[in-house]
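Me: I've got a protein model to look at today. Can you walk me through it?
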Amino acid sequence: MTIAIVGAGLGGLALARVLHVNGIDAVVYEREPSRDARGQGGMLDIHSGQRALREAGLIDEFYAIARGEGQDMRLLQPDGTLLLQHDTPDDAPLARPEVDRADLRNLLLDSIPEDVVRWGHAFESAADGVLHFADGSSATYDLLVGADGAQSRVRPLLTDARPVHIGQNAVEVGIPDIDRTHPDLAAMVGRGNYWVLGNGLSLAAQRNGDGRVRIGISFYNTAEDWFATSGIPFDDPAAARARLIDLLAGWDSRFTALIAACDDTIVPRSIHTLPIGLTWPSKPDVTLLGDAAHLMPPVGEGANMALLDGAVLGLTLAAHPNDFPSAVKEYEREMFERTGAAARMSADIQELLMSPDAAQKMLEFFQPG
Ligand SMILES: Cc1cc2nc3c(=O)[nH]c(=O)nc-3n(C[C@H](O)[C@H](O)[C@H](O)COP(=O)(O)OP(=O)(O)OC[C@H]3O[C@@H](n4cnc5c(N)ncnc54)[C@H](O)[C@@H]3O)c2cc1C
């Protein structure tokens, strides 16, 4: 039986690893030409996903690359008022440590035989047990797992659902080597997350393992075509930074100083999600995991769910080695329930972030009563 996994992201690799540990072969088809072809982005907060890493036999290796101090958090208002500060004690449990996404992906990649991942294979279509790739090549499968992320091309084999814009547009910028270049700003941001929540706007700065501070500025209740009308010239980073500073009019100068200190990497990100609680009638030879199955707002659940999906599907297939259709049904039942709950919780947090008094609401969220 040939298991074909499309996508070497966290979910697809967690599945490949759990299958490997259980003596089941699989092939992962990834469109990127190599593991380093594209920057993997910033930090991930890994909590429930730790169970997947335990099942994958990688929990000690995970703790070795996790940053416990990344759990530090500061919450502020645009006028500079500090509402909440949480500093992680050295001996605190690693309940929600941050990990560099590239480090986690490399951990998973290094845990499976090198020839499992076939780089440079962009999936285009599948029918009658044959996969077709953009370069004209093809391969056979008995079970196809779409682990190909938000814009999944496998998803249409199971459902017509498509990601929908949720009224959030974000711009990602960053300060490299902040300890050396801007020690004052480094001290202000601290070791973990630094959030400023305002009316319809937020700034989230986060220290990464490589000394870079990534900064996401989100504009809420904005239309899908907002970037075209925002006046942010993405092809002129210095002018784009100036425009971002204009858009934060009235914010404390310490926050705009963060933007002024950024380098020329500037990435627009339009936020989309799939419908909460999306399901589909089970098919015997194809299923989905991760963002392909349940794209959620980026509030800290997606990577955890993708890892868990991969581990649960791997374990379920290992428990039914001669009956993949039953395994797929059993996996989907568990996955729909677990990820539906995570999507509802993520939508609640998203609503809070989009509300006019987001800072106060977030404070109540962290300090109920
Ligand atoms: C800014 C940001 C911050 C986030 N922070 C967190 C966090 O702190 N905690 C958390 O839990 N989640 C977080 N998330 C969500 C998390 O990143 C995703 O939910 C997670 O990466 C999904 O994993 P995946 O394996 O399903 O998909 P992906 O990681 O997107 O991997 C999909 C893979 O499929 C490949 N692929 C795509 N199309 C094809 C094709 N046609 N053929 C072959 N290969 C293909 C891609 O190249 C990629 O390698 C964040 C998201 C964003 C945007």
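Me: At what angle do helix 11 and helix 12 pack?
Reply: This is a predicted model. In it, the angle between helix 11 and helix 12 is about 155 degrees. Their axes are 9 Å apart. Helix 12 covers residues 324–354.

Me: Roughly parallel or roughly antiparallel, then?
Reply: Roughly antiparallel. Angles over 145 degrees count that way, so helix 11 and helix 12 qualify.

Me: And is their crossing left-handed or right-handed?
Reply: Helix 11 and helix 12 make a right-handed crossing.

Me: Now helix 1 and helix 4. How do their axes cross?
Reply: At roughly 25 degrees. The axes of helix 1 and helix 4 come within 9 Å.

Me: What does that make the pair, parallel or antiparallel?
Reply: Helix 1 is roughly parallel to helix 4, because the cut-off for that label is under 35 degrees.

Me: Which hand is that crossing?
Reply: Left-handed, for helix 1 passing helix 4.

Me: Switching to the ligand. Which residues come nearest?
Reply: Glu 30, Arg 101, Phe 123, Asp 291 and Ala 303. There are 32 residues around the ligand.

Me: What does Glu 30 do there, in distance terms?
Reply: One of its polar side-chain atoms lies 2.7 Å from an oxygen atom of the ligand.

Me: And how far is Asp 291 from a ligand oxygen?
Reply: An N or O atom in the side chain of Asp 291 is 2.7 Å from an oxygen atom of the ligand.

Me: What about Asp 45, side chain or backbone?
Reply: Backbone. A polar backbone atom of Asp 45 is 3.0 Å from a ligand oxygen.

Me: How much of the ligand does the protein cover?
Reply: The protein covers 83%. That is out of the 1000 Å² of accessible area the ligand has on its own.

Me: Which helix gives the most to the shell around the ligand?
Reply: Helix 11, with four residues. Helix 1 (10–21), strand 3 (43–45), helix 4 (101–110) and helix 11 (302–319) each supply at least two.

Me: Last one. How do the shell residues divide into nonpolar, polar and charged?
Reply: Twelve are nonpolar, nine are polar and eleven are charged.

Terms used
Residues numbered from 1 in each chain as written. Predicted model: local features only at pLDDT ≥ 70, side-chain atom pairs only at ≥ 80, totals over all residues. Heavy atoms only, no water. Near = heavy atom within 4 Å. Polar contact = N/O pair within 3.5 Å; in protein donor to acceptor, adjacent residues only side chain to side chain. Areas by Shrake-Rupley, 256 points an atom, 1.4 Å probe, with all protein chains shown as cover. Nonpolar A, V, L, I, M, F, W, Y, C, P; charged D, E, K, R; others polar. Axes fitted to C-alpha atoms, helices over the stretch in contact; angles between N-to-C directions. Parallel < 35°, antiparallel > 145°, perpendicular 65-115°, else oblique. Left-handed = near helix turned anticlockwise from the far one by under 90°.
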